[in-house]
Amino acid sequence: MIKARVTVTLKNGVLDPQGKAIEGALGALGFDGIGQVRQGKVFDLQIETGDKAKAEADLKAMCEKLLANTVIENYTIALA
């Protein structure tokens, strides 16, 4: 079994209204000096295979087809 973490973030230049809202809320809570907050998604998966190359290929396909909107998002894959 292979464990993987997929992190999906917005590409640079794409507006992030949720990140802006978080940035404002942190300031309202008294956390000074916070800027450029960007939010993202994290997926932790377990893949029932011992073949890391196949697992990585499958994960890339999952990202391209479902987990990430590759028009506006980037993704990274980390295998454990």
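Predicted model: local features only at pLDDT ≥ 70, side-chain atom pairs only at ≥ 80, totals over all residues.
**Stop 1: Arg5 and Asp44**

Start by selecting Arg5 and Asp44. Their side chains form a salt bridge, with the closest N and O atoms 2.7 Å apart. Arg5 belongs to strand β1 and Asp44 to strand β2, so this pair ties together parts of the chain that are 39 residues apart in sequence. Arg5 is partly exposed, at 43% relative accessibility, and Asp44 is exposed, at 54%.

**Stop 2: Lys41 and Glu73**

A salt bridge joins their side chains, at 3.5 Å from N to O. This pair also links distant parts of the chain: Lys41 is in strand β2 and Glu73 in strand β3 (residues 73–79), 32 residues apart. Glu73 has a relative accessibility of 11% and counts as buried. Lys41, at 33%, counts as partly exposed.

**Stop 3: Lys54 and Asp58**

Move to helix α2, which covers residues 52–67. Select Lys54 and Asp58, where a salt bridge has its closest N and O atoms 2.8 Å apart. The two residues are 4 apart in the helix, which means that about one helical turn separates them. Both surfaces can be checked here: Asp58 is partly exposed, at 28% relative accessibility, and Lys54 is partly exposed, with a relative accessible area of 43%. The salt bridges visited up to this point are among the 4 that the structure holds.

**Stop 4: Asp16**

Now select Asp16, in the loop between β1 (2–10) and α1 (17–28). Which side chain of opposite charge is nearest to Asp16? It is Arg38, 4.3 Å away. To see the surroundings, show Leu10, Val37, Arg38 and Gln39, which Asp16 contacts once its neighbours within four places in sequence are left aside.

**Stop 5: Gln36**

Finish at Gln36, in the loop between α1 and β2 (40–47). Look at the backbone here: phi of Gln36 is near 60°, a positive value in a residue other than glycine. Is Gln36 buried or exposed? Gln36 is exposed, with a relative accessible area of 69%.

Note on methods:
Residues numbered from 1 in each chain as written. Heavy atoms only, no water. Buried < 20%, exposed > 50% of the residue type's maximum accessible area, 1.4 Å probe, protein only. Lys, Arg positive; Asp, Glu negative; His and termini not counted. Contact = heavy atoms within 4.5 Å.
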